[in-house]
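Biologist: I would like to learn how to read a structural model with some care, beginning with the overall layout and ending with a single residue. Could we work through one together?

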Amino acid sequence: MISARLRKTFPERPDSAPFSLELEFQAAAGVTVLFGPSGSGKTLTLDLIAGFVHPDDGRILLDDDILFDGAAGVSLPPQARNCGYVFQNYALFPHMTLRQNLEFAVERRPRLERHRRVNEMLERFRLGDAAGRRPHEVSGGQRQRCSIARALIGAPKLLLFDEPAQGLDAQLRSEFYEVLRQVRADFKTPMLLVTHDLDECFELGEEMLVLREGRLAQSGTPATILDQPANVDVARLLGVFNLIPAEIRALDPGRNTSKVQMGDHELDGPYFPGHFKGDRVTVCVRPERLSALERNGRPGANQIPAQLERAVEKPQWMRLEFAGGIAVDLARPDYERVRDTKDWVIEFPRESLRVL
Amino acid sequence: MQIDWFPLWLSLRVAFLSTAVALAVGLWLAYILANREFRGKEVLDAAVTLPLVLPPTVLGYYLLVLLAGNSPLGRLWENIFGSPLVFTWKAAVVAALLHALPLLVKSARAALESVDRSFERAARNLGASEWRLFWRVTLPLARRSILAAVALAFARSLGDFGVTLMVAGNIPGRTQTVAVAIYDAVEAGNTTLARTLVLVISAVALLILTLANRLNPR
């Protein structure tokens, strides 16, 4: 269990804008992903926890150990923090074999224990055949597994991953996910994983922290965050929503209904707690929750006529982009049924509507 | 004609010793310059580099003042070793050191700083002390550049003339290095000796510099 309160400011420099990070979060066993665009302070957060960068103020507590306490003037050196760190480029020592890389991490332990641990890790991460080779002589997957093994061999209380799947091809990426799931199952270590890949958040993350400009924008499970982004900024960061300006015209908590005015059209939605009639809001709805059909006479309830601008092929679906910037994702078979349509309507299912 | 090879052996011995001392001191200085932040850091760097640009006479003068028998350092030396330092071959080592050290510090600092910081972070993260980090990670990774710097410093140590002449003098068979011997031979009209020594010392330097180039990872 890690709990951290961090503050770090970088003044403006000729080559960089000023930046400030102010963050408070906790993470228990399992994978917590730090999600955010580049420059949002994700890697800095890891570096503050690992002790590579000194926070201006705050407190980092790992289980019962105080790693850093600004008020009390406590700051453990990186050597004493007991955090495994998997670096973005792995940072395996190029002049050592994989075995030596692992040994380096347990050099202080008695010889027999050292031996046992190294062999155990080599076996667990299927590195036995490559143990005598140097990092540049082994495959990308072996390098990756070795870097995770090296981070784990000292029995850390926390594992930190800095964009571990960045720049990997699809094959290596899914191998990595597999390894990580195995590690999650076998070790009870909390893991913090930095990524700007939303798929990765869902693939790996039990908890998700959304960072924006050095602040925590939202936290929760990936599914709840995707279902209900906290605000327009978060929705934009996730990058998978239609965001349409609208006005709330009616709210009925009793019947769990609402009416939302979008342009010239009025849509039915669920009740939106915390909003008032007349609020100017942004309707937020994922493209795959919408459907697009052929217009049949008068548009039905929650249907808006729209002009198709283009259809884009995606690996698993078709994305239809309509005038006004509304995107609709259709499964291939659904698209085949409507592909010759000239006159479109977009249907907004009542329950799919979220307002921000 | 019988050629006296003593100057060559002396030069090699002087160069070897001054390079060894320069490596020990230079690595330490380079480590400090590359890793520590302190006031006057760039002044220290500049002071170490100074011998590269000052005229040999200035350096010789400084050394004479610093090491002569009546100076504190000179007296200290005499108390420890029982004989004065100046006008012995050991003074030639100090003279050569003055040229070897800047080269070594400059190159070693650059070499240490060029080691990817993520390796050092990784080592610290894995519990390595600063000492172990330096000897096991940073130094091995900077090894080739530092060896190249050592070769360069050695070659440069072979070539000093002015400072050596001022602090070690020109005593044939005792303090006469190759550079000084060549000057002597030319003055005395002994062209055979001069030519031979010139060719030999050039060949040795060329060999060492080629080695340095091959070592430098580029």
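This is a predicted model: local features need pLDDT of at least 70, side-chain atom pairs count only at pLDDT 80 or more; totals for chains, interfaces and linings use all residues.

Biologist: Into which domains is chain A divided, and how far apart do their centres lie?

Modeller: Chain A is divided into domain 1, covering 2–233, and domain 2, covering 241–355, and the C-alpha centres of these two domains of chain A lie 40 Å apart. Along its principal axes, the C-alpha trace of chain A spans about 80 × 50 × 45 Å.

Biologist: How many helices and strands does chain A have, and what percentage of its residues is buried?

Modeller: Chain A has nine helices and 22 strands, and of its 356 residues 37% are buried. If we take the contacts in chain A with a separation of 6 or more, 65% of them are made by residues 24 or more positions apart.

Biologist: At what angle do helix α2 and helix α3 of chain A pack, and how should I describe that arrangement?

Modeller: One reads the angle between the axes together with the distance between them, and here helix α2 (residues 98–105) and helix α3 (residues 111–124) of chain A pack at about 130°, with axes 10 Å apart.

Biologist: Which residues meet in the contact of α2(A) with α3(A)?

Modeller: From α2(A) come Arg99(A), Leu102(A) and Glu103(A), and they meet Arg114(A), Val118(A), Met121(A) and Leu122(A) in α3(A). By class, the residues of this contact of α2(A) with α3(A) are four nonpolar and three charged, with no polar ones.

Biologist: What do the angle and the residue classes look like for α9(B) and α10(B)?

Modeller: In chain B, helix α9 (residues 178–187) and helix α10 (residues 191–215) pack at an angle of about 155°, with their axes 8 Å apart, and α9(B) and α10(B) are therefore roughly antiparallel to each other. Their crossing, in which α9(B) passes α10(B), is left-handed. On the side of α9(B) the contact involves Val178(B), Ala181(B), Ile182(B), Ala185(B) and Val186(B), which meet Leu193(B), Ala194(B), Leu197(B), Val198(B) and Ile201(B) in α10(B). The residues of this contact of α9(B) with α10(B) divide into 10 nonpolar, no polar and no charged.

Biologist: How many residues does each chain bring to the contact of chain A and chain B, and which element of chain B gives the most?

Modeller: In general, the size of an interface is often given as the accessible area lost when the parts come together. Here we can count residues instead, and the contact takes 13 from chain B and 15 from chain A. On the side of chain B that touches chain A, the elements giving two or more residues are α6 (117–125) and α7 (130–158) of chain B, and α6(B) gives the most, with six residues. That side of chain B is made up of seven nonpolar, four polar and two charged residues.

Biologist: Is Asp47(A) buried or exposed, and where does it lie?

Modeller: Asp47(A) lies in helix α1 (residues 42–50) of chain A, and Asp47(A) is buried because 20 other C-beta atoms lie within 10 Å. Not counting residues up to four places away in sequence, Asp47(A) touches Phe52(A) and Val53(A). Between Asp47(A) and Val312(A) there are 265 residues of sequence separation and 40 Å in space, C-alpha to C-alpha.

Notes: Residues are numbered from 1 along each chain as its sequence is written. Chains are lettered from A and ligands numbered from 1 in the order in which they are written. Domain bounds come from an automatic or database domain assignment. Helices (H or I, at least four residues) and strands (E, at least two) are DSSP runs, numbered from the N terminus. A residue is buried if 20 or more other C-beta atoms lie within 10 Å of its own, exposed if 12 or fewer, and partly exposed in between; C-beta atoms are placed from the backbone. Two residues are in contact if their C-beta atoms, placed from the backbone, lie within 7 Å. Axes are lines fitted to C-alpha atoms, for helices over the stretch in contact, and angles run from 0 to 180 degrees between N-to-C directions. Ala, Val, Leu, Ile, Met, Phe, Trp, Tyr, Cys and Pro count as nonpolar, Asp, Glu, Lys and Arg as charged, and the others, Gly among them, as polar. Angles under 35 degrees count as roughly parallel, over 145 as roughly antiparallel, 65 to 115 as roughly perpendicular and the rest as oblique. A crossing is left-handed if the near helix is turned anticlockwise from the far one by less than a right angle, and right-handed if clockwise.
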